[in-house]
Amino acid sequence: MRCALPSSLKIVAFGIAIVWVTAAPLAAQPGTAAKPAAGAKAWTAPKTPWGHPDRQGIWTNTTTTPLEPLPEAADKKVLTEDERAELARKVAQRVNADTRRPGQVGAYNEFWFERGTLNTRTSLVIDPPDGKVPAYTAEGQKRWDAIDSSRKQHPADSWLDRSSYDRCITRGLPGAMLPGFYNHNYQILQTPQYVAIVVEMIHDARIIPLDGRPHSPVPQWLGDSRAHWEGDTLVVETTNFNDKVFERSVVVTSFGAGSKLVERFRRVDADTMDYQVTIQDPRMFTKPWTISTPMAKADGLLFEYACHEGNYALPHILSAARSEEDATKKK
């Protein structure tokens, strides 16, 4: 549908990384799960014809709630509806792409963004309780510092210096399942043996067995996922990531070979599903941490995300870097 955000604008992406702005062309709903009105009939979760809890349909997780605590919320962890509405207006003004300072580099104007709005929580991280991503271990910090230094010194020597998102490969996990800025829509399909999750952005497709088979030993971009049911909650455990993506930004989030993810999909009502993912990686983080973001039922279809087909950014980034090198040589 749209090509990747040009990497020459990486400074903009990192500038808003703490905000973790997102997108919703279909139908995002603010807040957490709606509470039934007094006296309303209790909602009964639907089942598939073979008896599994039904998670099928199109879902969207767009929100302007950041990964870590919302700056404007001070020390509040949960907002009242009035507080949420007021802060939502302030955040919308702050992230509006049409209000950039003169000379500030940007990507699209605001027309192209599909951000959604705030949830009632002030961060997507729910554990640790302070809402902040735990510190890297010494090894994790060393690795991140090396990557950061390399990118500053060699931002575009070749396409291999660019991220997996710039190259239209993947946003990694948990990144592919987290809000960003547009196209954050998902289609879930079920059979008795599998759950499939089709991700609109970069059109990743996750086909997840339910039959208890062991994990594949082959490292993969999105790891190797296995699912099972715990009551009405779909639990997906993913291991065996390759070690080609180590990112924590507004665009890509993945932590490499040692990571284990545990995702939980729990349907709250007819229109809302609670999605939680716990990241376990003792090599990279000092403790496990958990993200929670509502997914709202959406009307419509997924659209083609023509990333490779429309990726003009990558050749332009590389050609601009060659031009800069030529200009430097002539001085």
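Strands S4 and S5 make a hairpin with five residues between them, and Ile202 in the turn has a positive phi of about 60°. Helices (H or I, at least four residues) and strands (E, at least two) are DSSP runs here, numbered from the N terminus. This is a predicted model, where local features need pLDDT of at least 70, side-chain atom pairs count only at pLDDT 80 or more, and totals for chains, interfaces and linings use all residues. Residues are numbered from 1 along each chain as its sequence is written, and side-chain values use heavy atoms, with hydrogens and water left out. Tyr194 sits opposite Pro209 in S5.

Now for helix H2. Arg84, Leu87, Ala88, Val91 and Val95 are buried in H2, with buried meaning under 20% relative accessible area, exposed over 50% and partly exposed in between (1.4 Å probe, protein chains only).

The largest nonpolar core has 38 residues, of which Phe265 and Ile291 touch the most other members. Such a core is a set of buried Ala, Val, Leu, Ile, Met, Phe, Trp, Tyr and Cys residues joined through side-chain atoms within 4.5 Å. Its largest share, four residues, comes from S11. A second, separate core of 14 residues includes Ala97, Tyr165, Tyr182 and Val252.

Notes: Pairing = 2+ DSSP bridges.
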